Amino acid sequence: MWTLWLQILPVAVLLVLGFCVGTWRERRHFESLAQREREFTDIGVVNLKTVAQPETVASAALVTGDAVIATDYFKSFAASLRNIVGGEVRSYETLMQRARREALLRMLQRARELGATEVWNLRYETSNIRSSGRRTLAVSVEVFAFGTAIVRR
Amino acid sequence: MIVVNTEVVPGRTIREVKGLVQGNTIRAKHMGRDIAAGLKNLIGGELKGYTELLTEARRQAMERMIAQAQELEANAIVNVRFTTSAVTQGAAELYAYGTAVVID
């Protein structure tokens with residue numbers, strides 16, 4: 001009985017730690033994202049390929065933004081349980097949202113530095129970052145956002 | 001060198017298409033970054049080490065692509081795309097490609 005508790009306890013502690021600290025950090029990140037997104041509402045972003053009114057374009061340049069976000073132990077564990085029954089993996093939805101919004105914000109920051117007011121042809125690239133096999137539960141994802149920033153005359 | 005991911009440079013005309021240009025890097029992860037990632041995988045959050053690594057790698061891939069375009073005497077690269085491929089465990093190839101053109 002004692003040895004059983006000894007085996008479960010470390011995992012349980014990590015799960016609780018992952019849940020508490022992870023949830024708190026995630027909430028803080030979302031608040032930060034919302035606040036920063038309010039600062040960029042003046043830059044129009046579309047995923048259309050052909051820039052409208054090309055005669056008024058002063059300059060065009062590629063802008064990029066990058067973010068690698070890891071999920072906490074509790075979410076990884078919950079998602080691995082989901083693998084047994086299948087279905088929607090809600091744990092990872094927030095992970096993807098955070099990575100995408102962070103990458104987009106960084107791209108918009110670059111666009112702002114160039115004095116651009118529009119970003120055209122926005123694209124996302126997503127890759128899985130896997131740790132060297134020690135802990136296969138570990139999930140982190142990289143989102144790369146890029147587009148063409150336009151400065152109008 | 002003007003670099004865009006649209007098919008044309010808006011407001012300019014393409015005089016000549018030089019051809020496909022590309023640049024890539026293969027980066028292996030750093031052990032130190034991996035240890036930090038271990039902690040972050042417990043509590044969640046951004047892996048800043050990896051973000052920097054990948055940003056730098058892409059920048060280098062783009063530089064190589066631009067160098068190729070300069071050799072062809074182009075002054076712009078259009079329709080730039082990026083891909084990432086896992087080569088082996090712990091290493092990834094970052095690849096950037098586009099079409100080098102001469103614009104007026």
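**Close-up 1. Ala96(B), a buried residue of strand β5 in chain B.** In this predicted model, Ala96(B) has a relative accessibility of 0%, so it counts as buried. The strand that holds Ala96(B), β5, runs over residues 91-103 of chain B. Look around the alanine and you will find Val21(B), Gln22(B) and Gly23(B) touching it, along with Ala61(B), Met62(B), Met65(B), Arg81(B) and Phe82(B); residues up to four places away in sequence are not counted here. Ile66(B) is 30 residues away in sequence, and its C-alpha sits 9.9 Å from that of Ala96(B).

**Close-up 2. Helix α2 of chain B and its buried residues.** Now follow α2(B) along residues 48-71. Its 24 residues reach 35 Å from the first C-alpha to the last, close to the 34 Å expected at 1.5 Å a residue. After the helix comes Glu73(B), with a positive phi near 65 degrees.

**Close-up 3. Arg98(A), a buried arginine in helix α3 of chain A.** Which residues does Arg98(A) touch, not counting those up to four places away in sequence? In chain A they are Arg25(A), Glu26(A), His29(A), Phe30(A), Leu33(A) and Ile69(A), and Gly45(B) joins them from chain B. With a relative accessible area of 6%, Arg98(A) is under the 20% cut-off and therefore counts as buried. Its helix, α3, covers residues 90-113 of chain A.

**Close-up 4. Helix α1 of chain A, from its kink to its buried residues.** This helix takes in residues 2-38, and its 37 residues reach 54 Å from first C-alpha to last, close to the 54 Å expected at 1.5 Å a residue. A kink of about 30 degrees lies at Ile8(A), shortly before Pro10(A). Further along, Glu26(A), His29(A), Phe30(A) and Leu33(A) are buried, and each of these four touches Arg98(A). Leu15(A), Gly18(A) and Gly22(A) are also on the list of buried residues. A handy rule for reading such a list: an α-helix has 3.6 residues a turn, so residues three or four places apart point the same way.

**Close-up 5. A nonpolar surface patch that includes Ile8(A).** Met1(A), Trp2(A), Leu4(A), Trp5(A), Leu6(A) and Ile8(A) make up this patch, with about 750 Å² of accessible area together. One of them, Leu6(A), belongs to helix α1 of chain A. Leu6(A) has a relative accessible area of 49%, so it counts as partly exposed.

Definitions and conventions:
Residues numbered from 1 in each chain as written. Chains lettered and ligands numbered in written order. Predicted model: local features only at pLDDT ≥ 70, side-chain atom pairs only at ≥ 80, totals over all residues. Heavy atoms only, no water. Helix = DSSP H or I, 4+ residues; strand = E, 2+ residues; numbered from the N terminus. Expected span 1.5 Å × (residues − 1). Bend = angle between axes of the 7 residues up to and from the residue. Buried < 20%, exposed > 50% of the residue type's maximum accessible area, 1.4 Å probe, protein only. Patch = residues over 30% accessible without salt bridge, like charges linked within 9 Å, V, L, I, M, F, W, Y side chains within 5 Å. Areas by Shrake-Rupley, 256 points an atom, 1.4 Å probe, with all protein chains shown as cover. Salt bridge = Lys/Arg side-chain N within 4 Å of Asp/Glu carboxyl O. Contact = heavy atoms within 4.5 Å.
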